[in-house]
Amino acid sequence: MQPTDTSIDSSNPILEVAQAATLHDHPDNRMFGFVVFLLSESVIFLSFFVAYIVYKTTALNWLPVGVTGLEIREPAINTVVLVSSSFTIYLAEKFLHKNNLWGFRAFWLLTIAMGSYFLYGQAVEWSGLTFGFGDGVFGGSFYLLTGFHGLHVFTGVLLQLIMLVRSFFPDNYAKGEFGVESTSLFWHFVDVIWIALFILIYVWQ
């Protein structure tokens, strides 16, 4: 009795169709999951925003004693830098799509530098403030909102550093660019949140 040949011809067109159908049945939902994560983060920020507005419009003594307002010049400069970094990270993505790794690295590194500058500017601002976290509802709200956002900026910079290092490994992005795309989307999210924060805290005084 002859043994049965159970091997499968990988060049068989019917098999290729079956494999394609299998892949279609199992789509990549990573980006969908990441978008859901960002939506959950949006809910957290939105709850903070609503609480800030309620406190500001109902508190009898909103600002701490001796504080007449916040300096807006330096935060405005930081805002321009951070918002501009959304454009540089967009350009970095475009270069990666064209398989231009050096262009990608240049604009990606510039985005990291701009995010780091924002964090430095925020640290300088905090060091010069005359009120603390425990100085009334305003003090607590200010440090909570700006600090929580700053944590997201720090996380974004770390993710960008990881993606930059990955670009130096051969063919690391040959199988997809989910890491870069999700990091870029996270960074745009961070920028949009800061625009809302800047208007809420610094413009609406």
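What is the mean pLDDT of the protein chain, and what percentage of its residues reach 70 or more? The mean pLDDT (the predictor's confidence in each residue, from 0 to 100) is 87, and 85% of the residues reach 70 or more. Over residues 1–10 the pLDDT is below 50, and this stretch has four contacts in the model beyond near neighbours in sequence; contact here means heavy atoms within 4.5 Å. Residues 20–24 also have pLDDT under 50, with zero contacts beyond four places in sequence. This is a predicted model, in which local features need pLDDT of at least 70 and side-chain atom pairs count only at pLDDT 80 or more, while totals for chains, interfaces and linings use all residues. Residues are numbered from 1 along each chain as its sequence is written, and side-chain values use heavy atoms, with hydrogens and water left out.

We can begin with the overall fold. The protein chain has six helices and zero strands, and from the N terminus on its elements run α-α-α-α-α-α. Helices (H or I, at least four residues) and strands (E, at least two) are DSSP runs, numbered from the N terminus. Of the 205 residues, 36% count as buried, where buried means under 20% relative accessible area, exposed means over 50%, and partly exposed lies in between (1.4 Å probe, protein chains only). Among contacts between residues at least 6 apart in sequence, 78% join residues at least 24 apart.

The UniProt record, an unreviewed entry, carries the annotation "transmembrane region" for residues 32–55, 104–122, 142–165 and 185–204. UniProt positions are given in the numbering used here, feature names are shortened, and annotations may be inferred rather than shown by experiment. In the model, residues 32–55 are 100% helix and 0% strand, and the end C-alpha atoms of this span lie 35 Å apart. Residues 104–122 are likewise 100% helix and 0% strand, with 27 Å between the end C-alpha atoms.

Attention now turns to empty space. Rolling a probe the size of a water molecule over the atoms shows where empty space is left. On a 1 Å grid over the protein atoms alone, a cavity is a set of points where a 1.4 Å probe fits but cannot get out, and a pocket is an open set with protein on both sides within 12 Å along at least five of seven lines; lining residues have an atom within 4 Å of a point. Grid points are joined across faces, edges and corners, and a volume is the space filled by probe spheres set on the points.

The largest pocket holds about 240 Å³ of space. Its lining consists of 16 residues, and Glu71, Glu74, Pro75, Val124 and Glu125 lie nearest the centre. Helices α3 (73–97) and α4 (101–128) each supply at least two residues of this lining, and α4 gives the most, with six residues. By class, the pocket lining has eight nonpolar, five polar and three charged residues. In this scheme Ala, Val, Leu, Ile, Met, Phe, Trp, Tyr, Cys and Pro count as nonpolar, Asp, Glu, Lys and Arg as charged, and the others, Gly among them, as polar.

A search of the whole structure finds one cavity of 30 Å³ or more. The largest cavity has a volume of about 40 Å³, and its lining is made up of Pro75, Asn78, Phe118, Gln122, Glu125, Trp194 and Tyr202. Helices α3, α4 and α6 (178–203) are the elements that give two or more residues to this lining. The most come from α4, with three residues. The cavity lining has four nonpolar, two polar and one charged residues. One of its residues, Gln122, is found in helix α4 and counts as buried because its relative accessibility is 7%. Leaving out residues up to four places away in sequence, Gln122 touches Asn78, Thr146, Gly150 and Trp194.

Three further residues complete the picture. Val180, in helix α6, counts as buried at 1% relative accessibility. Beyond its neighbours within four places in sequence, Val180 is in contact with Glu93, Leu96, Phe104, Trp108, Met163 and Tyr173. Met31, in helix α2 (residues 30–58), is partly exposed, with a relative accessible area of 27%. Met31 and Phe178 are 147 residues apart in sequence but 7.5 Å apart in space, C-alpha to C-alpha. Asn99 sits in the loop between α3 and α4 and counts as exposed at 68% relative accessibility. Asn99 has a positive phi of about 60 degrees although it is not a glycine. Most residues other than glycine have a negative phi.
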